[in-house]
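Reader: I am new to this kind of picture. Could you walk me through it, one feature at a time?

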Amino acid sequence: MIGGTLDIQTFLKYFSRIATLLLVLPLHESAHGLMAKWLGDDTAQRQGRISLNPFVHLDPLGSILMILGGFGWAKPVEVNPLRFRHYRAGYALTALAGPVSNLLASFVSALAFAVILCFRSGQMAYLRLITNQYDTMSCLLLLLQFLIIVNIGLALFNLIPVPPLDGFNILRAFTPEKFDRWVYQHQREINYVFFALFFLINVVPSKYSPLAIASEYLYGLMMKAVLWIPDVFGA
């Protein structure tokens, strides 16, 4: 029974990552493109990157790492910040749009979780879930939990201020132009740092990982934001 339970959990964990890769990453990249368009740059639109078709966004290595480790990336959306009214602020807002889309996807998943718990069948499914008894409804609840977690993780991962992550482009809004030149001159070393960071995220035990600790804290806040719904409207 334990082996079967672990198999179901593992399957749903990887299924949630694939679902995020095919459904949420296109939203993440399209959010970058839409924000850039609203700020005056239609480069992403002309390149067909404002699209829910995952195959125009997927990066082979980033996709593999997303499925295996829960963190990955898509092909960067190209923008021309010279077309923004405010160069650096526009670049930062365009970068921020991606992680925000992940947090919205996480919130929608949490909201669906809470709505299910408003019904007696959902409450019974939750009891089966916490006692490792799996059927269709309890598996759906577990899948929603994984979707909440993986999207929170992706949002926080992308906010790390290391290129090519979104957090670096947000940081650039507050740094002088000579910083951009320094980054360009040390691109190879920065790439090494990025992959070393990615490796550490996946090998450091979660109780020592700042990213895991922050993800757990944000998960708790996300659930508190929605679990009043079954308290008020539940059976």
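Author: Gladly! Let us begin with a definition: a disulfide is a pair of cysteine sulfur atoms within 2.5 Å. Keep in mind, too, that this is a predicted model.

Reader: How many disulfides does the structure hold?

Author: The structure holds zero disulfides. As for cysteines, Cys118 is buried at a relative accessible area of 12%, and Cys139 is buried at 18%.

Reader: What does "buried" stand for here?

Author: A residue is buried when its relative accessible area is under 20%, and exposed when that area is over 50%.

Reader: Which residue caps the N-terminal end of H3?

Author: That is Asp59, with a side-chain oxygen 3.3 Å from the backbone nitrogen of Leu61. Just after H3 comes Gly70, with a positive phi of about 90°.

Reader: Let us turn to another helix. Which residues of H5 are buried?

Author: Gly122, Gln123, Ala125 and Leu129 are the buried residues of H5. Seen down the axis of H5, they fall within an arc of 160°, so they line one face of the helix.

Reader: Which helices do those buried residues pack against?

Author: The buried residues of H5 pack against H4 and H6.

Reader: How should I read the packing of two helices?

Author: Two packed helices are described by the angle between their axes and the distance between the axes. Here, H5 (residues 120-130) and H6 (residues 136-158) pack at an angle of about 75°, and their axes are 8 Å apart. That makes H5 roughly perpendicular to H6.

Reader: Which residues meet where H5 and H6 come together?

Author: From H5 come Ser121, Gly122, Ala125, Tyr126, Arg128 and Leu129. They meet Met137, Ser138, Leu141, Leu142 and Gln145 of H6.

Reader: And what is found in the loop between H5 and H6?

Author: Asn132 is found in that loop, just after H5. Its phi is near 60°, a positive value in a residue other than glycine. Asn132 is partly exposed, with a relative accessible area of 36%.

Reader: Now a single side chain, please. Is Arg88 buried or exposed?

Author: Arg88 lies in helix H4, residues 87-116. It counts as buried, because its relative accessibility of 17% is under the 20% cut-off.

Reader: Which residues is Arg88 in contact with, leaving aside its neighbours within four places in sequence?

Author: Arg88 is in contact with Arg172, Ala173, Thr175, Pro176, Glu177 and Asp180. In the case of Arg172, its backbone oxygen lies 2.4 Å from a polar atom of the Arg88 side chain.

Reader: One last stop: where does Trp228 lie?

Author: Trp228 lies in helix H11, residues 228-233. With a relative accessible area of 44%, Trp228 is partly exposed. Its side chain reaches the backbone oxygen of Ala225 at 2.9 Å.

Definitions and conventions
Residues numbered from 1 in each chain as written. Predicted model: local features only at pLDDT ≥ 70, side-chain atom pairs only at ≥ 80, totals over all residues. Heavy atoms only, no water. Polar contact = N/O pair within 3.5 Å; in protein donor to acceptor, adjacent residues only side chain to side chain. Helix = DSSP H or I, 4+ residues; strand = E, 2+ residues; numbered from the N terminus. Buried < 20%, exposed > 50% of the residue type's maximum accessible area, 1.4 Å probe, protein only. Contact = heavy atoms within 4.5 Å. Axes fitted to C-alpha atoms, helices over the stretch in contact; angles between N-to-C directions. Parallel < 35°, antiparallel > 145°, perpendicular 65-115°, else oblique. Arc of directions from axis to C-beta.
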